[in-house]
Structure formats: C-alpha cells, structure tokens
Amino acid sequence: HQYHEVWIPDPEDVWKSAEIIKDYKEGDKTLQLKLEDETVCPLFLPFLRNPDILVGENDLTALSYLHEPAVLHNLKIRFLESNHIYTYCGIVLVAINPYEQLPIYGQDVIYAYSGQNMGDMDPHIFAVAEEAYKQMARWKI
C-alpha cells in the first residue's frame, strides 16, 4: 500500500518531506507521518506533495499542488540540482540570481531563442523578450 507524500513545517529546513503511514478515518485528530529519517510523528493536515513526475517542472502552474512548500521545493530542484536560474509561473518569469557568470547570454543563445514560441524551450529571459517583440510586431505597438 502506497501512501501520499506531504510537506510539514520544519524550523531548520523550512519544509520537510514526510509520508502518511496510516489512512485517515473520520474523527481522527491527526495524521500519522514518517519522516525521511524514519521518525514517526503525528501532525495536523499537512501540505500534499506533487507527484515525482512534476519535480523540477519548468512552469509552476503545471504543479498539481501550488503552495509555498511545493514552489520552494521546485525552485530548489531547478536551481540547486539542475542549475536552471529561470522558471515560469504562467506568463511570469521567475529568476533566481546565482551571483555568478553563466554562459547563458551569448549570441548562440540569442539565436536559439529567436523565432521560438515562449514555452517551446527552457524558461529564459530571451524567451520573454522574443514573446514581447512578437506581440509588439503583431499589434504594431
């Protein structure tokens, strides 16, 4: 039997992953959870985690559950584990500045995004600029 994974508040990590280990029954005051370190604890209604297939999604609006721990975890995966500093949230570009020079602004990258539709490639400031330019040309602004 597989249980749902959830997010619980943590004073050190802000949010910590846990798994519900006992089915909820009407009248239960708490859920029984198992933390990643195998510790078992009770907790009141935690935030559900997104399915693994959505981990690191390049558009936050594609997440099944859009709440603080889900957003922070997704940004952590994209930035720390995948080295992506850009993520979409619908039409909004979310940028995490790594304070280091990255080879993502050269001529080859400009050409790669030129003529592409926003969302066809990984999130990038050039994708937003290309979309803005196309809209201006379309509406002759």
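Student: From which domains does the lining of the largest pocket draw at least three residues each?

Tutor: The lining draws at least three residues from each of domain 1 (5-48) and domain 2 (52-139), bounds that come from an automatic or database domain assignment. The model is predicted: local features need pLDDT of at least 70 and side-chain atom pairs pLDDT 80 or more, while totals for chains, interfaces and linings use all residues. Numbering starts from 1 along each chain as its sequence is written, and side-chain values use heavy atoms, without hydrogens or water.

Student: Why is a space called a pocket and not a cavity?

Tutor: On a 1 Å grid over the protein atoms alone, a cavity is a set of points where a 1.4 Å probe fits but cannot get out, whereas a pocket is an open set with protein on both sides within 12 Å along at least five of seven lines. The largest pocket has a volume of about 290 Å³, volume being the space filled by probe spheres set on points joined across faces, edges and corners.

Student: Which residues line the largest pocket?

Tutor: Lining residues have an atom within 4 Å of a point, and here they include Trp7, Trp15, Glu36, Arg49 and His73. Two elements, β2 (14-20) and α1 (68-81), each give two or more residues to this lining. Such elements are DSSP runs numbered from the N terminus, helices (H or I) of at least four residues and strands (E) of at least two. By class, five lining residues are nonpolar, two polar and five charged.

Student: What lines the largest cavity?

Tutor: Trp7, Arg49 and His73 are among its lining residues, as are Leu54 and Asn74. The volume of the largest cavity is about 70 Å³, and α1 provides the largest share of the lining, three residues.

Student: How do you know that domain 1 and domain 2 are in contact?

Tutor: Contact means heavy atoms within 4.5 Å, and six residues of domain 1 are in contact with eight of domain 2. The two domains bury about 580 Å² between them, 74% of it on carbon and sulfur atoms; this is the accessible area (1.4 Å probe) lost on being put together, summed over both. Trp7, Trp15 and Leu48 supply 74% of the area that domain 1 buries against domain 2.

Student: What makes Arg49 and Glu5 a salt bridge?

Tutor: A salt bridge needs a side-chain nitrogen of Lys or Arg within 4 Å of a carboxyl oxygen of Asp or Glu. The closest N and O atoms of Arg49 and Glu5 are 3.8 Å apart, and the pair forms a salt bridge. Arg49 lies in the loop between β5 (47-48) and α1 and Glu5 in strand β1 (residues 5-10), so the pair ties together parts 44 residues apart in sequence.

Conventions. Nonpolar A, V, L, I, M, F, W, Y, C, P; charged D, E, K, R; others polar.
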